[in-house]
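Subject: Structure handover and notes

Dear colleague,

Please read them with the structure open beside you.

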Amino acid sequence: MKNRSLISINDYTKEQQIRILELAEEFENNPRQNILDKKVISTLFFEPSTRTRLSFESAISQLGGKIIGFTDASNSSVSKGETLKDTITMVANYSDLIVMRHPLDGSARWASEVSKVPIINAGDGANQHPTQCLLDMYSIKKTQGTLDNIHIAFVGDLKYGRTVHSLTMAMSQFNTTFHLVSPPELKLPSAVKKYIKDAGLEYFQYNELEAVMDKVDILYMTRIQKERFSDPIEYEKVKNSYILKNEMLAHSKPNMKVLHPLPRVNEIEEAVDQNPMAYYFQQALNGVYVREALLAYILGFKD
Ligand code: CP
């Protein structure tokens, strides 16, 4: 079978992405199936995670697979100076598939080039987070009934936010209109904007969150990515740029949903959690079904 590693969202065609969303719906209706019996999946997290790691591990467990791996590379031989290449080569001998998160852009691609088993990129630096992208697409489809012709606002750290990069690339296939809300220092990189331009679509840039509140179907809030700043003073300048409050949602479209890849720090007030427009916790739950779909697809149990 062709190696179906998922490193960047555009490694999969639009048809493959849609197929994963269809399979995710099947798994949402029937999440416990013993299809990964006798399969061993490695989860290698060189960078912290709550949702991505635990939803993958929940998905593997619900499908009857076994999990090996680490959540802290300092407990592995990486701390003795072992290279990523050697680590991946060894772990590929022990397992059928590797889920990997790493702080360096491009690390997952490099891992896929040296691994004999498929790699799923669970986030590489500020670059890509394709499984988050698929669960975001699933959440948009589920709440809006379609992926086509959506107005989406990305709010916050559009420079370092890897989930925004992946989702921009994916949604550029669906005639999306993009509303980009960020401080001037944290604008969407030109290389990502190029996907919008190449698709012949429009984007609009704003400094103020209020400017988009009555325009969009999806309000995609993001955390300012403190860990990507080389200068802490620069982080302090922008850290509270946008804080979503209930009263700001008063004139939003009735179908509008608030998404956030989480974790949040301060950018959505807790009172918003009770608002029917808040969808971010359900969005994170959708990650289990999407990751079940991906595991089944990549390992050849579903086509
Ligand atoms: N959305 C996301 O990647 O969350 P974690 O960092 O908790 O995995």
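Two strands are counted as paired if DSSP finds at least two bridges between them. Please also keep in mind throughout that this is a predicted model.

Strand E1, residues 40–45, and strand E3, residues 97–102, pair in the parallel sense over five bridges, with leucine 44 standing opposite methionine 100 in E3.

As for the overall division of the chain, the domain assignment gives domain 1 (9–129 + 287–298) and domain 2 (130–284). The C-alpha centres of domain 1 and domain 2 lie 24 Å apart, and the contact between them involves 31 residues of domain 1 and 26 residues of domain 2.

Which residues lie closest to the centre of the largest pocket? The space in the largest pocket comes to about 390 Å³, and of the 21 residues that line the largest pocket, the closest to its centre are Arg101, Arg162, Arg223, Leu262 and Pro263. Helix H2 (51–62) and helix H6 (162–171) each supply at least two residues of this lining, and domain 1 and domain 2 each contribute at least three residues to the lining of the largest pocket. Sorted by class, the lining of the largest pocket holds four nonpolar, ten polar and seven charged residues.

The second largest pocket has a volume of about 210 Å³. It is lined by 13 residues, and those closest to its centre are Leu21, Glu22, Glu25, Tyr138 and Lys141. Two or more residues of the lining of the second largest pocket come from each of helix H1 (14–29) and helix H5 (130–144), and H1 gives the largest share, five residues. By class, the lining of the second largest pocket divides into six nonpolar, one polar and six charged residues. Here again, the lining of the second largest pocket draws at least three residues from each of domain 1 and domain 2.

Finally, two points of backbone geometry are worth checking as you go through the model. Most residues other than glycine have a negative phi, and most peptide bonds are trans. The peptide bond from leucine 262 to proline 263, however, is cis, with omega near 5°. Proline 263 is found in the loop between E9 and helix H9 (280–298), and both Leu262 and Pro263 are among the residues closest to the centre of the largest pocket. The other point concerns asparagine 175, whose phi is near 55°, a positive value in a residue other than glycine; asparagine 175 lies in the loop between H6 and E6.

With best wishes

Methods:
Residues numbered from 1 in each chain as written. Predicted model: local features only at pLDDT ≥ 70, side-chain atom pairs only at ≥ 80, totals over all residues. Heavy atoms only, no water. Helix = DSSP H or I, 4+ residues; strand = E, 2+ residues; numbered from the N terminus. 1 Å grid on protein atoms, 1.4 Å probe; cavity = no way out; pocket = protein on both sides within 12 Å on 5 of 7 lines; lining within 4 Å. Points joined across faces, edges and corners; volume = space filled by probe spheres on them. Nonpolar A, V, L, I, M, F, W, Y, C, P; charged D, E, K, R; others polar. Domains from an automatic or database assignment. Contact = heavy atoms within 4.5 Å.
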